[in-house]
Amino acid sequence: MTAPQHSPHAHDGGSVGRVMAQVMLALTPVTLWGFYLFGWPAIWMWLITVGSAMLFELACLRLGGGGRATLGDGSAALAGWLLALTLPPWSPWWIAVIGSFVAICIAKHAYGGLGQNPFNPAMVARVALLISFPLEMTQWVAPAPMFSGLGPDPVAALERLLFSTPIPDALTSATLLGQVKAEASRGVDLLASLPALGAGVSDGVGHHAGSLGETGSWLILGGGLFLVYRGVIGWLVPVALVTGLAVPAAIAHAIDPAHHLSALHQVFAGAALLGAVFIATDPVSSPASAVGKLIYGLAIGFLTWVIRSFAGFPEGLAFAVLLMNACVPIIDRFTRPRIYGHGATAGRGA
Amino acid sequence: MLIAVTSLTLIAGCLGLILGFAARRFHVEPPETVSEIEAMLPGSQCGQCGFPGCGGAAAALAEGSAPVTLCPPGGPALARALAEKLGVAADLGAMAEHEPTIATVREEICIGCTKCFKECPTDAIQGAMKQIHSVMKEACTGCGKCADICPTEAVSLVPLPTTLGNWRWRAPACA
Amino acid sequence: MSEFLVLLLTTALVNNVVLVKFLGLCPFLGVSKKLDAAIGMGLATTFVLTLASAASWMLEQWLLQPFGLGYLRIVSFILVIAAAVQFVELAMRKFSPELHQVLGIYLPLITTNCAVLGVALLNVQEGSDFLHALLYGVGSAAGFTLVMAMFAGVRERLELATVPASFAGAPIALVTAGLLSLAFMGFSGLRLD
Amino acid sequence: MGFRDLMDEVKLRWGVHPAGHKALTSECAIECMPLPERLTLPLAQHIGAPARPVVTPGQRVLRGQLLAEAVGAVSSPVHAPSSGRIVDIGDYPVAHPSGLTAAAIVLKPDGLDEAVDFADCDDPHGLEPAEIARRVAAGGVVGLGGATFPAAVKLGLGRRNPVQTLLLNGGECEPYLTCDDRTMRERPEAVIDGARLMARALGAEAIVIGIERNKPAAMVAMQSAAAAHPEISVRGLPARYPMGSEKQLVHFLTAVEVPAGGLSAEVGVVVHNVGTAAEISRVLRTGEPLTHRAVTVSGAAIARPTNLRVAIGTAVSAVIAHCGGVRRDVARYVMGGPMMGMLLPGTEVPVVKGSSGVLALVADEAGGGEASPCIRCTRCAGVCPIGLLPFEMAARIRAGKSEAAVDIGLKDCIGCGSCAYTCPAKIPLSHYFSFAKGSLAAAERARLKNESIGKLTAARSARLEREAQEKAEAAARRKAEREAAKRDAARAVAAEAAAGRPQDSQVSA
């Protein structure tokens, strides 16, 4: 005899797969834009990352007894997709595969699989890659838009990806944040270095070097608005993150413009927006309550700014996300919502 | 050498004084663990734990030589309470399997010898000489002493019958 | 003033005793299953560390150096630390018996917590003055407490997760410690001047 | 939707909007269902002690005759819905997901429908408050919204706590159900009359009737019926589940929270269902006890969904047959609403006093399906009307830590099912909570049993000691007697000897 079903005998029809699909839909414009900007190598890199992530997911599920098939819900593909968006667009194939392995096998399945990982898989993979392969992970290319003839054709691109042929010097470039850090370490202050870097960052369109998914700022924002509208993510974390980044940046810039980028640069450069909309809003590794989300977002923004401004790495979002992931259980513990009928307002007007 | 010996002695002496003072200042009576634990146990002295009565079990628990899951009548609830009291982790795996049972008397075999009646630690069996005995559900701990002593095997332990009153939802299939 | 703040922050975050210097791993792995216990352990260690930094500095400056007793450094430091730990234990049993029970064997083990001795010895090595030594101790202890709390929070959540059998328990704790260490690498090269 | 409605929608940070499916039956007037062949009347149709039968098998009873009397303070009697013969008193399947049986009286109606003499009352408003409560209790009225708490017990709450406000719950937030809606539209005067009687019994000055805004016709009907009574106000409620839950209703209409683990009466409010009010008016005016109730028969599988007035004890199968049977494959039969109602193990179970609906749901409606891992999306926390973290509680329960779930509010859970309804991973959250509450209750029962056994053991050892002592005393007494006897004998011998000695001496002399 099967166990009796418990109420409710109704459901709103939502599913995890649908949630993931909507996130993917929101990611599509910015990904296509990245493809356009960085050409075939980026497309192959994306395919390899997503494909290997799904293969690793399948392998882990098999190893774990083949029980619950979370492959179909798209969570692995999404983790791979997000990872691909944070990698240099012309990364070699092994960067993509190792990244997928770390994200899926270590950051996700070692913890029991979907929903149980305390750290964001894509960010774990990115940080692990950055620390293990600092050279490859900072190998940026200038935009070489499709159909412009600047980038390699599909076959040449695949070859480059598989055999890690070096990128021609003419195409290498640096990100704004990397350049600023490098210049600063040589003692050149921002007032001198910034104009030389071009203003391509703050216009948000993204004709500048960077990881695959971080350049199309307006498209990221559009995707975020779509997700907020569909109720997939809340607006609190992205807004808090941007605030936490922009406010200290603005203050520091006002005090010392020679050493601190403006808030606009901070927000539109690097992975800040991508992180705010798609990474920090990952429900698995973020706090449950509204207050918790506010603290979480603000702290990620602030830590990103601290690491960008004072530490050795030019970009700090991934570190900030991991640091705050580790704080989520504590935040959750101390920001539980008040339960009806408990506390000071019980029995009186609320 | 002399300086070294003197200085170390001096340091040790000073610290010893401080600690001695602290030991007095912060003195606390050791808690009466055994008697507290004994109060938590059912007290039916049924012996299912393998110790001679609840007092023995309490002593063994206090010194850590017995698992907190030793008391079947107490069930998982008691095991958890004991684990909390003793500050140890309770492995309830073995405990969860234990379904509560009660004694029943098969009236056609019972000869009314009153042996079970005398053996029962909780006076859960009613009856008198040459009369059929019956078991009071509320008082029976399922210890099985009566079943052991019954000369005609008329007493046996059966799972507690499920009624609307004690029926409960089983755990949902894991996701 | 800002200098002290910088010192505190760098010792707590950039040169974190546990995740960067890999000191004090015994309590880090041993008492991090419950958040409350971890915070209690962190506070107890903070107390001992602060006390030990101060006492060892005084010992060093006023006794060991003037009399050329450098070879007694480790012995005498351990003596001081042991006494401080004993004091904490006595006080804790009086004021927080629950915490005392929860910390159990790990409380006296603070004595052999290499973070405590390490900080005291590093202070000597750096030749810090008293205030710096004290701040160094406080900063290290704050860093220790911080990562203890973070780690314990994550481990508490892991208690509820269906971690695969091959990773359950210590392995996943070590993986987590590794990832935490990875995250703290973000602070490397942090310069606040 | 007016401005105030919009404000309400924004203000409320909980609840779900399940598909209503109310149009299936909302225009179906409550029709009387003819008596079935057999009536099965469970003795426990209410919260509290089961009623005790006062009839015997074979006996003929009349409509309204008492079949089983209330036992104790919280209980409710059962009456005969029609005249007929008692066939059996025994265990029969009841509406419960376990499929277990419960004690019930089986009545075979004879079709004559002869009634006992009812003591009608022209002016129930002239009755003393205690007398109103007494008559409600004797009439076997329980909460008809589904909670089945004896209505009279709630009317007596006014004696312990001053009650200022009677809230009448016309929320009917469960999907499908329209019997309260129909009752308000068809018998608004009865509802108002019952409400005023209850307010009198409670000593409440104000009556507030809350009606969800998706029932405009009921709203109009109630407003016009209440127009003559200034103490009654009719308020619109946002259509949102679980608006009709007592705690939510009290908070929304009075801005006061019921303290955790407490009764609403503690904050001067008592909540009754509109159906209960209509029934109380009828019971007091005609003297006829509660033997019928309005039931919504609905669901996509029902051929002719409608509202029925059904004799209590009628089998669900008969009710469905009256509605044309089922026309599609039924995934689940549910008693009550889909959100909190009970899965029926079969259709051969009786409609009872708390049955507000009989639903035959097809697979599309019933939801369910394979659960997948929780992704902590916190939708469940967002819809929880109590402010709990359902995903966190379920995770703790799944890991075998029900006590840890209590720490974060398991006992405050009202079981509304909003979390499970909205969970994209289809995790049976409500099921987890019922499971944990069940095991905690079992643990509590075990603890109580342990305690009582401890007492029994103590009593036994005291008895054994006493017996041993008595035995020892008796033995000592016997020994003393024996010794005394021996002594006497010895003394006698000695005396004899003494007496004889001279003789001897004489002899020897």
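Student: What makes the link between the side chains of D:Asp412 and A:His342 a polar contact?
Tutor: The distance given for this pair is 2.7 Å. A polar contact needs a pair of N or O atoms within 3.5 Å; within protein, one must be able to donate a hydrogen and the other to accept it, and residues adjacent in sequence count only if both atoms are side-chain atoms.

Student: Why is D:Asp412 called buried?
Tutor: Its relative accessibility is 9%. Buried means under 20% relative accessible area, exposed means over 50%, and partly exposed lies in between (1.4 Å probe, protein chains only). D:Asp412 is therefore buried, as 9% is under 20%. D:Asp412 sits in the loop between helix H14 (402-407) and helix H15 (418-422) of chain D; helices (H or I, at least four residues) and strands (E, at least two) are DSSP runs, numbered from the N terminus.

Student: Which residues is D:Asp412 in contact with, leaving aside its neighbours within four places in sequence?
Tutor: Among them are A:Ile339, A:Tyr340, D:Lys247 and D:Leu388. Contact here means heavy atoms within 4.5 Å.

Student: How do you know that D:Arg376 and A:Asp332 form a salt bridge?
Tutor: Their closest N and O atoms are 2.9 Å apart. The rule asks for a side-chain nitrogen of Lys or Arg within 4 Å of a carboxyl oxygen of Asp or Glu, so this pair qualifies. Across the interface of chain D and chain A, the rule finds two salt bridges.

Student: How much area do chain D and chain A bury between them?
Tutor: About 3,900 Å², with 57% of it on carbon and sulfur atoms. In chain D, D:Glu257, D:Ile375 and D:Arg376 lose the most area to chain A, together 19% of what that side buries. Buried area is the accessible area (1.4 Å probe) that two parts lose on being put together, summed over both.

Student: What about chain C and chain A: how many residues of each are in contact?
Tutor: 31 residues of chain C meet 32 residues of chain A. The two chains bury about 2,600 Å² between them, 72% of it on carbon and sulfur atoms.

Student: What makes A:Arg333 and C:Glu156 a salt bridge?
Tutor: The closest N and O atoms are 3.4 Å apart, so the pair falls within the 4 Å limit.

Student: Why is B:Leu61 called buried?
Tutor: Its relative accessible area is 2%, so it falls under the 20% limit. B:Leu61 belongs to helix H3 (residues 53-62) of chain B. Beyond four places in sequence, B:Leu61 touches residues including B:Ile37, B:Leu41, B:Val68 and B:Leu86.

Student: Is D:Lys426 buried, partly exposed or exposed, and what makes it so?
Tutor: D:Lys426 has a relative accessible area of 24%, so it lies between 20% and 50% and is partly exposed. D:Lys426 also has a phi near 55°, a positive value in a residue other than glycine.

Student: Where does D:Thr148 fall, buried or exposed?
Tutor: At 11% relative accessibility, D:Thr148 counts as buried, because the value is under 20%. Its phi is positive too, at about 55°, although D:Thr148 is not a glycine.

Student: What is the mean pLDDT of chain A?
Tutor: The mean is 86, and 91% of the residues of chain A reach 70 or more. Over residues 346-350 of chain A, though, pLDDT stays under 50. Where pLDDT is low, the predicted coordinates should not be read in detail.

Note on methods
Residues numbered from 1 in each chain as written. Chains lettered and ligands numbered in written order. Predicted model: local features only at pLDDT ≥ 70, side-chain atom pairs only at ≥ 80, totals over all residues. Heavy atoms only, no water. pLDDT = per-residue confidence, 0-100.
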